[in-house]
Amino acid sequence: MRTIPKSESRSIEQADLTRRPRRLRRTEAIRSLVRETVVRPEDLIYPLFVVPDSRPRVEIRSMPGVWQNRVREVVDETRRAYDAGIRAVLLFGIPEFKDPIGSSSWDPSGPVQSAIEAIKKAVPQMTVMADVCLCEYTDHGHCGVIENNDVDNDATLPLLAKQAVSYANAGADFVAPSDMMDGRVAAIRGALDDAHLTEVGIMAYSAKFASGFYGPFREAAESAPQFGDRRTYQMDPANIREAIREMELDIEEGADMIMVKPALSYLDVIRAARENFDLPVAAYNVSGEYSMVKAAAANGWIDGTRVMNEILTSIKRAGADLIITYFAVDFARQ
Ligand code: PBG
């Protein structure tokens, strides 16, 4: 801790004006010379929602600019993102049908699997990540199978592993488990390795909090729980020591990257991730964080572009290497 010498007098005449920090802010050229944090389009991961081809392309009401896409439109969106400088997409799927165990998630011709194959053919340089979770695929909307009115951890693991292997077989570069079951990273790593998919990486949603900021996403992914909430598996927003423990476990289990989610109310957790671990740290700038900016900007209450830049810079400054954000293409194109 630095000690700052205490000045005896506070009168204007005695102010020490040999130190003038404003010199470094005088022009935009100087400001950019001394800028400490820069967000690059390559730091961003663009989330995309895929629906079956039988459905229309629909814009999410609470997320202007974000759509439920059919496979061909996901390919167009991916190409648009790549042309803008974005190098990774993260896919979420809405299936044709839901059941209690989310079995449509490992259908080799499901929307996510089809999208991965189509993207890899059309835009092969793009890194394709796929979210692994059951909530979009179960009729009850929970992230695992239900036993006695709660999510059964151990019964869920093989299902998540099946889904992950299916996405990897379709060509995903990374799978990203977002379910928050204990032991899922080890289960998925083991299943990928058994299937000789040793090159496929795991971006683990390690410190994922039970958050009100996911509201708009659940409209987009049609994944709201039909009873109860996710507090028995997602983390209590009050806990940072537990967040570090979760990250530690995921790393021990074989995660290649760790993630903190949401981002804005958890910048201290992002900083702790950066200081405690050497792996790449991702932060998820989630749906509610996006929607608040869009809504306020649409009302003329804030400058949306300026606030977007400030938010993404703050997440990077806190210590994130990668940012998953619905703003990715807007940012890269501004
Ligand atoms: C699936 C999942 C969620 C998000 C990412 N993966 C929703 C949830 O946990 O309810 C949220 C992403 C966002 O809000 O943008 N479990």
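Tutor: Let us begin with cysteines. A disulfide is a pair of cysteine sulfur atoms within 2.5 Å. The structure holds 0 disulfides. The model is predicted, so local features need pLDDT of at least 70 and side-chain atom pairs count only at pLDDT 80 or more, while totals for chains, interfaces and linings use all residues. Residues are numbered from 1 along each chain as its sequence is written, and side-chain values use heavy atoms, with hydrogens and water left out.

Student: How far from C135 is the nearest cysteine sulfur?

Tutor: C135 is in no disulfide, and the nearest cysteine sulfur, that of C133, is 3.9 Å away. For C143, likewise in no disulfide, the nearest cysteine sulfur is that of C133, at 3.5 Å.

Student: Is C135 buried or exposed?

Tutor: Buried means under 20% relative accessible area, exposed means over 50%, and partly exposed lies in between (1.4 Å probe, protein chains only). C135 is buried because its relative accessible area is 6%. C143 counts as buried because its relative accessibility is 1%.

Student: How many salt bridges does the structure hold?

Tutor: A salt bridge is a side-chain nitrogen of Lys or Arg within 4 Å of a carboxyl oxygen of Asp or Glu. The structure holds 21 salt bridges. One of them joins D43 and K316, whose closest N and O atoms are 3.0 Å apart. This pair links distant parts of the chain, 273 residues apart: D43 is in the loop between α1 and β1 (44-50), and K316 is in helix α10 (residues 304-318). Such labels denote DSSP runs, numbered from the N terminus: helices are H or I with at least four residues, strands are E with at least two.

Student: Why is D43 classed as buried?

Tutor: D43 counts as buried because its relative accessibility is 3%.

Student: Which residue does E219 meet in a salt bridge?

Tutor: The side chains of E219 and R61 meet at 3.7 Å, N to O. This pair also links distant parts of the chain, 158 residues apart, with E219 in helix α6 (residues 215-221) and R61 in the loop between β2 (58-59) and β3 (67-69). R61 counts as exposed at 72% relative accessibility, and E219 is partly exposed at 30%. Salt bridges can also share partners, and in this way E28, R31 and R35 are joined into one network.

Student: What is the separation in the salt bridge of R19 with D16?

Tutor: The closest N and O atoms of R19 and D16 are 3.2 Å apart. R19 is exposed, with a relative accessible area of 61%, and D16 counts as partly exposed at 44%.

Student: Which residues come nearest to the ligand?

Tutor: A residue is near a molecule or strand if one of its heavy atoms lies within 4 Å of it. Of the 18 residues around the ligand, K208, R218, K261, S287 and Y326 come nearest.

Student: What remains to be read in the backbone?

Tutor: The peptide bond from K261 to P262 is cis, with omega near -5°, and P262 is placed in the loop between β10 (257-261) and α8 (267-276). N149 is not a glycine, yet has a positive phi of about 65°. N149 lies in the loop between β6 (146-147) and β7 (150-151) and counts as exposed at 63% relative accessibility. M180, also not a glycine, has a positive phi of about 70°. M180 is found in the loop between β8 (174-177) and α5 (184-194) and counts as buried at 5% relative accessibility.
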